[in-house]
Amino acid sequence: MTGALVLLLLGTLLAGMLSIVFYTLRTGISPMPTLGKVRRQLLPLLEPELQGTVFELGSGWGTLAFALADRCPRAKVVAFELSPLPFACGWLRQRLAPRPNLELRRQDFFRASFSDAAVVVCYLFPGAMARLAPKLLAELPQGARVLSHTFALRGWQPLRTLVVDDLYRTPIYLYELPPRGR
Ligand SMILES: C[S@@+](CC[C@H](N)C(=O)[O-])C[C@H]1O[C@@H](n2cnc3c(N)ncnc32)[C@H](O)[C@@H]1O
């Protein structure tokens, strides 16, 4: 009985690890969380009284999604994640310590509409940023903001850029959607 349980646990662990590898290859990025130093400089760029919808694109284990929900209690944070194991961890955390303004969706954010987003937050990779740029331009309402760290939106002029005092000198970019046609 104990042996069967151990085998089941090991099998589940292995399946979880394989699913991380599979989804890393599929999406192009691992569920690497935003580290504390970056989070501490990124969050104050959003005002605590912010209202509307904040989209987090690729929420991984939920590290940033929960922090965003706490930082902006009047906003609704919608966090998208495809990889099942990190998504399940976020889901479990939401069951154990629910944030009423946080919604975790196991969904490809490229298939979601951004038309009601006030802010889009992301920590992705250059290929995803290049694919995202035309979608953001086409769908975001005017005045919406994009907050990205590590990778920039090429050709977009940030409203603010911060450099975190960490090992990688991580850049944080805050953009505001330019008026249509620009
Ligand atoms: C570097 S992690 C960032 C995790 C989290 N945002 C944070 O900062 O702590 C990027 C995450 O994006 C997810 N991802 C990448 N492309 C995606 C897509 N098209 N739809 C949903 N999730 C995606 C990956 O599975 C990965 O977990």
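Author: A residue is called buried here if 20 or more other C-beta atoms lie within 10 Å of its own, exposed if 12 or fewer, and partly exposed in between. Keep in mind that this is a predicted model.

Reader: OK, what makes you say that helix α3 is mostly covered?

Author: Seven of the nine residues in α3 (63–71) are buried. They are Thr63, Leu64, Ala65, Phe66, Leu68, Ala69 and Arg71.

Reader: And which elements do the buried residues of α3 pack against?

Author: Two of them are helices, α2 (36–42) and α4 (84–96), and the others are the strands β1 (52–57), β2 (75–80), β3 (102–105) and β4 (117–122).

Reader: Which residues have the most contacts inside the largest nonpolar core?

Author: That core has 36 residues, and the ones with the most contacts inside it are Val54, Ala65, Leu68, Val77, Val120 and Val121. Ala65 and Leu68 are also on the list of buried residues in α3. As for Val54, leave aside its neighbours within four places in sequence and it is in contact with Leu68, Cys72, Ala75, Val77, Ala118, Val119 and Val121.

Reader: Why is Ala117 called buried?

Author: Ala117 has 23 C-beta neighbours inside 10 Å. The cut-off is 20 or more, so Ala117 counts as buried. Ala117 sits in strand β4. Beyond four places in sequence, its contacts are Thr53, Phe55, Leu140 and Ala144.

Reader: Then why is Val21 called exposed?

Author: Val21, in helix α1, has 11 C-beta neighbours inside 10 Å. Exposed means 12 or fewer, so Val21 counts as exposed. From C-alpha to C-alpha, Val21 and Glu49 are 38 Å apart, and in sequence they are 28 residues apart.

Reader: How do you know where α5 bends?

Author: The bend is the angle between axes fitted to the seven residues ending at a position and the seven starting there. At Leu132 that angle is about 30°, and Pro134 follows within four residues. The helix (126–139) still reaches 20 Å from its first C-alpha to its last, close to the 20 Å expected for its 14 residues. Met129, Leu132 and Leu136 are buried in α5, and what covers its buried residues includes β4 and β5 (145–149).

Reader: What is the phi of Thr150, and why is Thr150 called partly exposed?

Author: Phi is positive there, about 75°, although Thr150 is not a glycine. Most residues other than glycine have a negative phi. Thr150 lies in the loop between β5 and β6 (160–163). It has 19 other C-beta atoms within 10 Å. That falls between the limits of 12 and 20, so Thr150 is partly exposed.

Reader: And why does Arg169 count as exposed?

Author: Arg169 has 8 C-beta neighbours inside 10 Å. With the limit at 12 or fewer, Arg169 therefore counts as exposed. Its place is the loop between β6 and β7 (171–176), and it too has a positive phi, about 50°, although it is not a glycine.

Reader: Last one: what surrounds the ligand?

Author: The ligand has 24 residues around it, and the closest are Thr27, Pro31, Thr34, Gly58 and Gly60. The elements giving two or more residues to that shell are α1 (2–27) and α3. By class, 14 residues of the shell are nonpolar, seven are polar and three are charged.

Conventions. Residues are numbered from 1 along each chain as its sequence is written. This is a predicted model: local features need pLDDT of at least 70, side-chain atom pairs count only at pLDDT 80 or more; totals for chains, interfaces and linings use all residues. Two residues are in contact if their C-beta atoms, placed from the backbone, lie within 7 Å. A nonpolar core is a set of buried Ala, Val, Leu, Ile, Met, Phe, Trp, Tyr and Cys residues joined through C-beta atoms within 7 Å. A residue is near a molecule or strand if its C-beta atom, placed from the backbone, lies within 6 Å of it. Ala, Val, Leu, Ile, Met, Phe, Trp, Tyr, Cys and Pro count as nonpolar, Asp, Glu, Lys and Arg as charged, and the others, Gly among them, as polar. The expected span of a helix is 1.5 Å times one less than its number of residues.
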